[in-house]
Amino acid sequence: MNSTFMGLETAKRALFTQQSALHTTGHNIANANTPGYSRQRVNFGTTSPFAPAAMNRPQVPGQMGTGVEAKSIQRVRDSFLDIQYRQETNKLGYWDAKSSAISEMENIVNEPTTNGLGAVMGEFWQSLQDLSVYPENDGARNVVLERGQSVVDTFHYLNDSLNQINDNIGNEISVSLDSVNSLLEQIASVNSQISDVEPHGNIPNDLYDRRDNLVDELSGMINIKVTSTKSEGRPAAEAEGLYNISIVGANGKEELLVSKDSYYQLGFPNGSGNLSTTTPDVISDLSIFSSAGKEIPSKRIAVADASGNMMFSQGEIRGLIESYGYSYQDAGGTTQVKGTFPDMLDNLDRLAYTFSQTFNAVHEKGIDLEGNNGGAFFGELDSYQGASKNISMGDLTSKEIAASTTANADGKVNAGDGKNAVNLSNIQSWLMNGEPVLLEGFDGTETFEPASADGDFSLLGNASMNSFYEGVIGRLGVEGLQANRLAGNSEILQQSVNEKRMSVSSVSLDEEMTNMIQFQHAYNAAARNITMVDEMLDKIINGMGLVGR
């Protein structure tokens, strides 16, 4: 036979459980605008019925329910959507970094406009054509010198500006690595707090949210794999456990960065202390450090393979490294350098070297206004590397511009002979393939072989100066367009996944108000049930046993 006060106990449990649901609803409403908050719900469950299933159970017709209890308070979250969101965030971080770097490069190169290198060189070629018409005109000669200086200044500007932006990207890589290390440390700290709570059967939902927010932010910088392990002790069935986080390379290789409450750091090899102060000219690999900052020699992450293919983890940092520049050892053991900015600087150096040395060679074959052989129009360069930085004007006056091809018997230049100025102007369209070019205005035997790297192949890839530079600008435009397009696509996909995730996890005030009314009515009904049971007991206690008095 069940207890006389069983009804009171059942109603009391209902009262407390509905009260817990109202408290949770209030917590959801309070955090409706908290970024990264996941709504929580109370999992209701029936308590053990009376009578229990046992050999000595009382002889009653069947089990009677004893009420309800709050089994657990669980956050509403879809782990599959979390994985999707982090994948799209990772892609967005990579393409955003690439797009930003290329955009800055396009702003510096400033092509096609009237202020870019192409326009400045075009003005220089035009000044030579004008000189060919008026070879004795001192004004035309001075214009050639000024336009030549403009070309030199433009090469210097491009070199200095690109190097400055690239240095800024190098600093950004260091700052991003510091951010990654800070996030890893914070995740390990939250893991530690969770490990103190879960073993006692509690579910730290707010700590779970904080940890997932940190992981979301980390996923934009590097590609990560998240697995979980159970806490020690007796965690609840709904407990999410402790996160293990690994960085995943392009080849699928994983390196553990967070394990329970311990973590590692990423940094440049042989770095110490503040890793952000060590920025190499180009990056070949990154090292893993202990939380105390000690480098672990056996754990080093290569940036690229022997073919130059990027092996580093996808994300913002990879996009920055690809822009900044990285080195690798090819199959023959030679160090190679690739990257958006190094490639552009290398192309500028090739163009500046070929332009200045070819122009000098043709200029030296001509005759100046005094009937002398031409000298070096531009300063001599020892190597094409660094040419856009080191190019300079030669030490010559306007009269020493060798615009002619012949001289009179008295040594003076023939009046109106501006044929070498035509040769100099035609340099822009010569194919730089090492094939001899017949120069105009000479006796028919004067030729010139375009400049080559070291004998056999052209620095410009068998192209003319104009077509080479147009190709460089064209490739930059295509890369920029692709980066912008894919960054936009990634952002749309990320927003789409985030909207799905928010539809599951975010707080809807309309829904919470509905729940609040529902729980309030249940609470009122439970209170009314207690009143009813109290009236019954009052009748039994105070109204029975009066017959016969």
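A: Where pLDDT is low, the predicted coordinates should not be read in detail. The protein as a whole averages 88, and 92% of its residues score at least 70. Helices (H or I, at least four residues) and strands (E, at least two) are DSSP runs numbered from the N terminus. Confidence is lowest in strand E12 (residues 447–448), with a mean of 80, and highest in helix H5 (residues 205–219), at 96.

This is a predicted model, in which local features need pLDDT of at least 70 and side-chain atom pairs count only at pLDDT 80 or more, while totals for chains, interfaces and linings use all residues. Residues are numbered from 1 along each chain as its sequence is written, and side-chain values use heavy atoms, leaving out hydrogens and water.

Strand E1 spans residues 40–46 and includes Gln 40. Gln 40 counts as buried because its relative accessibility is 9% (buried is under 20%, exposed over 50%, partly exposed in between, with a 1.4 Å probe and protein chains only). Beyond four places in sequence, Gln 40 touches residues including Thr 24, His 27, Asn 28, Ile 73 and Asn 205. Asp 206 is also among the residues that Gln 40 touches, and the two side chains make a polar contact at 3.1 Å. Such a contact is a pair of N or O atoms within 3.5 Å; within protein, one must be able to donate a hydrogen and the other to accept it, and residues adjacent in sequence count only if both atoms are side-chain atoms.

Arg 41 also belongs to strand E1. With a relative accessible area of 42%, Arg 41 is partly exposed. A polar contact of 3.5 Å joins the side chain of Arg 41 to that of Asn 43. Setting aside neighbours within four places in sequence, Arg 41 is in contact with Thr 24, Ser 72, Ile 73, Gln 74 and Val 76. Ser 464 lies 423 residues from Arg 41 in sequence, and their C-alpha atoms are 70 Å apart.

Definitions and conventions:
pLDDT = per-residue confidence, 0-100. Contact = heavy atoms within 4.5 Å.
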